[in-house]
Amino acid sequence: MFRIQAGHPELIYSHFEHSPTGMVFRVNGNSKIGLGHIVGAIRLADLITDHLKVKIRFLTGPGGVSKRLLNEAGYEVSVLESLSPGGDMAATVEFCAQNNL
């Protein structure tokens with residue numbers, strides 16, 4: 001678990017019961033909505049990577065814009081090609097289990 005101190009995003013405190021080998025950020029965004037969430041997730045991922053030294057991967061839905069932005073920021077991105085209502089969570093959990101995350 002981690003938290004960023006309010007007003008000081010550069011101060012990340014961590015407490016893990018075990019050392020994580022990686023983290024997954026599940027994000028969506030396209031040219032019409034959500035790109036601010038992608039940019040914010042990249043910033044948070046950069047802070048975590050810098051301070052906790054864990055590998056961060058992104059998982060996103062179909063659509064090339066979010067994947068392109070995440071790749072340009074230097075992150076590995078996997079795409080959930082087909083999403084159904086309620087199926088997103090199951091697909092995310094399955095992805096994490098398959099990748100030991």
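The model is predicted, so a caution on what is counted: local features need pLDDT of at least 70, side-chain atom pairs count only at pLDDT 80 or more, and totals for chains, interfaces and linings use all residues. Residues are numbered from 1 along each chain as its sequence is written, and side-chain values use heavy atoms, with hydrogens and water left out.

I will start with the overall layout. The protein chain has three helices and five strands, in the order β-β-β-α-β-α-β-α along the sequence. Helices here are DSSP runs of H or I with at least four residues, strands are runs of E with at least two, and both are numbered from the N terminus. Of the 101 residues, 31% count as buried. Buried means under 20% relative accessible area, exposed means over 50%, and partly exposed is in between, with a 1.4 Å probe and protein chains only. Taking contacts with a separation of 6 or more, 52% come from residues 24 or more positions apart; contact means heavy atoms within 4.5 Å.

Now the sheet. Three strands make an open sheet in the order β3-β4-β5, with parallel pairing. Two strands pair if DSSP finds at least two bridges between them. β3 and β5 (76-79) are at the edges with a single partner strand each, so one side of each has no neighbour in the sheet. From one strand to the next, the twist averages 25 degrees.

Strand β3 (residues 22-27) pairs with β4 over six bridges, and Arg26 stands opposite Leu59 in β4. How much of β4 is covered? Strand β4 (residues 55-60) has five of its six residues buried.

Next, the helices on the sheet. α1 packs there, touching β3 and β4, and its direction makes about 170 degrees with that of β3. α2 lies across β3, β4 and β5, at about 160 degrees to β5. Axes are lines fitted to C-alpha atoms, for helices over the stretch in contact, and angles run from 0 to 180 degrees between N-to-C directions.

The two helices also meet each other. Two packed helices are described by the angle between their axes and the distance between the axes. For α1 (residues 35-52) and α2 (residues 64-72), the axes come within 10 Å and cross at roughly 25 degrees. That makes α1 roughly parallel to α2, a label for angles under 35 degrees; over 145 is roughly antiparallel, 65 to 115 roughly perpendicular, and the rest oblique.

Which residues make the contact? From α1 they are Leu35, Ile38 and Ile42, and from α2 they are Val65, Ser66, Leu69 and Leu70.

Lys67 is in helix α2 and counts as partly exposed at 33% relative accessibility. Leaving aside neighbours within four places in sequence, Lys67 is in contact with Val77 and Val79. Lys67 and Val79 are 12 residues apart along the chain, and their C-alpha atoms are separated by 7.8 Å.

Asp88 is in helix α3 (residues 87-98). Is Asp88 buried, exposed or partly exposed? Asp88 is partly exposed, at a relative accessible area of 26%. C-alpha to C-alpha, Asp88 is 10.0 Å from Thr60, and the two are 28 residues apart in sequence.
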